[in-house]
Amino acid sequence: MKTQALGLLLLFLVSSASFARTQETNPASPNTPAPGAEKNPTAADQAKPSASSKNTPVEVWEYSAYKARVWLSISPTLGLSQNTKQLIQRKIAEFSDIEFGATMDCDVVETPDALFGSVLYHLDDLTIEQLLSRELVLMLAKSDAAKDAFMAMQPKPKIDPAIEELKQKKKLTKEQEEELKAQADAESRAASLNSVRTLDSVIERIPAIAMLPLQYAAMQRDIVPYVNEEKWKKMQAKLDASEANSDAIYEGLKSGKILAALVPKNEANRFKEVARSLPTRFPWQPEAMLRDKDKIFLVAVEQEAERIRIQVKELDAFVRRIGLMETTTVANVQEIPHAVAFLQRRCFTPMARIEDNDNKTAVLRVRANGLATSAESPVNIGPGDVLAPYIRRDDLNGNPTQLQNLAFTYIAVTEPIDNARFYGAIFAASRGALVAAKNRRTKRVALKVHPNYPTTDLKLGIRAQPNSAVPGAEVYLRTPGSDDLKMVGRTDWRGVIGIANTDNPTITYDQPTSSSVEMIARARATAIRLKSLKENQDDAGASNASGQEDPAVAAAAADEAAIAASAEALKRRERAPTSSMQIKLPLYLYYIKNGETLLARLPVITGYREQEKADLPDDRRRLQAEAFLKGLQGEVLDLVVRRKILDARIKKKIDEGKKDEAFALLDELKKVKNYEGLSSQIQNILRRATSTEQGPVPAPVAERIDKMIDVTRVLMQQYLQTDIVRELEVKLLGGAAPTAAPGPSTANPETGSSSPGTPVVSDPKLREQLGDVYQFQGHSIRPPKGYTATIPSNPPPMTNVAIFAAPNRPDGTAASFVLTHISPPEGVSPPQDMSPKEKDELIELFSEKLLGGIKNSRTNWEQSARTIVSINGTPFTRKTWKGIMTQVNRPMEGIHYTGLVKDRIVVISIQDFNENQDAIRLGEESALTFK
């Protein structure tokens with residue numbers, strides 16, 4: 001019974017589609033109202049389903065033919081008779097049917113008079129706004145004079161004699177008086193000009209409708225096919241072209257001489273002071289046609305020397321988009337119909353509906369795909385094609401309030417789901433745009449992309465600043481889904497760079513079965529099961545009788561297995577399984593970098609548009625700060641080198657016993673700038689970069705500036721402190737070098753070398769909170785989940801730093817820890833040539849130096865004695881500390897690991913405010929994964 005029911009359902013759907021194509025009056029498409037909308041129903045009528053709409057067959061998207069119209073403008077210079085023009089129109093419809101078959105219902109008409117010249121002579125630069133600006137808008141007067149004039153025209157209400165007699169005798173009860181007052185108010189409102197709300201009521205109740213003579217003449221021709229209807233016949237009789245210009249109509253509406261007027265749409269705004277507009281849909285105007293049709297082909301035919309030139313453009317009614325023009329020439333009039341149909345196919349753009357999507361994958365249903373009879377059908381969309389998505393938002397009446405082509409967003413068709421649906425991989429500058437566009441009155445479609453230019457210019461500008469440019473920005477190219485990245489070049493003084501890569505790439509995309517949206521992940525498996533059920537409905541036991549497994553069921557099971565594998569990979573925090581394929585268009589990702597910051601990732605198809613314009617955030621403040629900081633970091637590098645050289649020379653003089661020369665060099669060392677000497681420069685850079693004299697600083701830019709300055713300040717604190725001077729003074733005066741605070745130690749008292757150390761026991765619960773392995777300088781560490789790594793672009797010499805930070809807390813702070821690799825300074829023996837004691841002293845020296853940098857910005861400093869611990873077999877010195885951070889006056893705690901790994905000093909520093917003990921323990925758990 002189930003299989004029979006499914007068969008009947010499919011038969012009904014196909015029959016409905018066939019019935020829809022054979023009707024004399026085309027039913028409305030899914031994106032248009034039901035037939036009869038051109039009759040301008042009232043709001044009450046719109047709220048109730050009409051009898052005809054109840055009987056209208058439901059159209060199935062893949063079995064719904066495109067409804068098209070050809071607007072034909074033939075130049076008078078060709079001298080064609082009306083009969084010849086009508087013959088050309090019939091032949092175009094016949095050839096169009098040959099080109100498109102059952103996938104399109106196309107009618108051919110002459111372009112309306114108001115737009116005939118624009119289509120014929122200005123088709124190349126014609127826009128939607130220009131098409132719609134020729135429409136007429138119904139304006140109803142709203143001045144007090146107009147209201148009084150309209151009220152005077154209304155018949156006086158009849159009064160019941162009995163009630164009038166009681167009223168004169170003052171014998172009316174209170175209830176009767178209130179009832180009479182309410183009745184009078186209702187009659188007054190019904191008779192007022194405010195009660196006129198629709199075109200129908202204007203035709204019935206307004207004696208005349210003013211028009212300009214030019215529009216009146218055009219209306220008389222356009223209305224001819226519709227005058228058989230009583231409504232339009234009445235309206236035609238009330239049209240009045242006696243006013244000579246718009247000023248006269250304006251004054252008439254203001255004075256009450258004119259109660260209603262039809263004015264051009266592009267002039268309607270000037271009448272808003274004296275009149276209000278009413279919803280008006282004339283079936284012969286472009287707006288009505290855009291609601292009833294899917295595609296409009298604008299055709300211009302004119303003489304060009306001894307040949308006839310034919311130009312065709314496609315207007316997609318749903319997204320209100322005019323495509324590029326296709327042109328050809330023919331030798332004689334007889335060739336016009338075939339040439340028009342050929343160009344009609346050339347400029348046709350098939351459409352798919354976006355049924356569901358996440359950030360990476362979309363499910364697409366192709367329009368009229370089920371009616372195509374061959375793979376070469378112009379409506380087909382398949383794997384390898386690339387689509388451009390559009391979003392349309394409608395008001396309650398189905399009128400578009402927003403039409404948006406998502407810039408730098410494309411969908412590459414990857415895999416079939418069934419005969420009409422496909423998976424698509426989304427490549428976008430902002431991945432969440434399509435996901436955010438889901439609601440009841442928002443419709444999402446995608447049009448197939450056809451490149452038309454040999455190259456594309458990418459122009460970079462500054463957001464909210466027209467005609468701005470971003471010169472000198474670095475542009476890199478990357479194949480979607482791959483890790484290859486190569487530099488294309490820099491933008492010129494106009495902010496423009498040419499893109500000429502026309503090779504069709506092999507993209508890598510996440511398999512659809514890995515989607516977190518169940519409908520996307522299971523779409524193909526569900527389609528396969530339905531197909532299997534349909535194919536076996538006549539003999540459900542055929543596959544079982546033969547003892548062979550149904551291939552469709554096996555394919556569905558394979559999809560289910562892939563879904564389960566993807567879910568398991570997600571639990572293990574592994575990347576989703578991927579697939580690769582070559583697409584049919586040169587779609588690549590272009591990365592825009594300005595200075596040290598990545599500003600945008602832009603998918604671009606070479607040749608799709610002549611110029612792609614991207615507006616980037618204003619990053620000039622950050623660039624200016626980065627330039628100053630680079631200069632400061634260069635100075636820091638010079639100071640560090642000078643300090644290292646002087647330190648080595650002083651120690652050498654001390655070893656040689658030349659204390660006078662050592663003191664002279666020490667005086668020279670004291671003159672070299674230290675952290676305190678450079679801190680004022682950092683403050684000046686920060687003050688200049690965050691100044692509001694040139695306007696407010698965007699929050700993301702301010703955050704980047706703060707981050708750069710913080711990194712520079714930390715590095716200066718580590719390497720430009722005055723402890724090196726104090727140590728040398730103590731050594732020159734014959735005192736002992738500073739030692740660590742007393743406490744237990746595992747160092748050998750005889751040799752000073754550290755033992756392998758005691759292995760640290762990790763916490764399994766904390767270990768579960770750690771993320772994937774991060775590789776750094778030949779070693780690895782597992783930062784906590786959610787932490788991001790930042791590598792400073794200009795660290796001190798012989799130093800590599802990785803800063804791991806969690807997302808900001810509500811108070812603006814963030815948990816973090818720092819992993820540092822330092823090469824021993826010049827003048828110090830290589831670690832492999834050191835004795836165990838020297839290695840221990842080197843570790844202790846760096847431990848105290850780096851802790852000294854932290855100590856200088858803390859008060860109430862407390863530091864533990866060192867202990868030797870083992871991390872995965874490598875001994876580290878571990879110290880803890882406490883102190884109050886002077887900038888914010890808040891207590892902090894930290895843990896400091898210092899070790900010698902091969903020829904590098906490795907330092908892992910964890911710190912946070914006292915109340916964040918969990919973050920400190922988690923940071924130490926991460927440190928224990930170092931290898």
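## Cysteines

A disulfide is a pair of cysteine sulfur atoms within 2.5 Å. In this predicted model, a search of the whole structure by that criterion finds zero disulfides. Because buried means under 20% relative accessible area, Cys106 counts as buried at 19% relative accessibility, and Cys347 likewise counts as buried at 8%.

## Nonpolar cores

The largest nonpolar core comprises 53 residues, and those with the most contacts inside it are Val301 and Ile310. Leaving aside residues up to four places away in sequence, Ile310 touches Val299, Ala300, Val301, Glu326, Thr327, Thr328, Val330, Ile336, Ala339, Val340 and Leu343. A second, separate core of 39 residues includes Phe150, Val202, Ile258 and Val274.

## Strand S9 and its partners

Strand S9, spanning residues 307-316, is mostly covered, with eight of its 10 residues buried. Strand S8 (residues 295-304) pairs with S9 in the antiparallel sense over 10 bridges, and within this pairing Ala300 stands opposite Gln311 in S9. The two strands form a hairpin with two residues between them, where Ala305 in the turn has a positive phi of about 60 degrees.

S9 also runs antiparallel to strand S11 (residues 326-330), to which five bridges join it; here Ile308 has Val330 in S11 as its bridge partner. Strand S10 (residues 321-322) is joined to S9 by two bridges, again in the antiparallel sense, and Asp316 stands opposite Arg321 in S10. The hairpin of S9 and S10 has four residues between the strands, and Arg320 takes a positive phi near 55 degrees in it.

Key: Residues are numbered from 1 along each chain as its sequence is written. This is a predicted model: local features need pLDDT of at least 70, side-chain atom pairs count only at pLDDT 80 or more; totals for chains, interfaces and linings use all residues. Side-chain values use heavy atoms; hydrogens and water are left out. Buried means under 20% relative accessible area, exposed over 50%, partly exposed in between (1.4 Å probe, protein chains only). A nonpolar core is a set of buried Ala, Val, Leu, Ile, Met, Phe, Trp, Tyr and Cys residues joined through side-chain atoms within 4.5 Å. Contact means heavy atoms within 4.5 Å. Two strands pair if DSSP finds at least two bridges between them.
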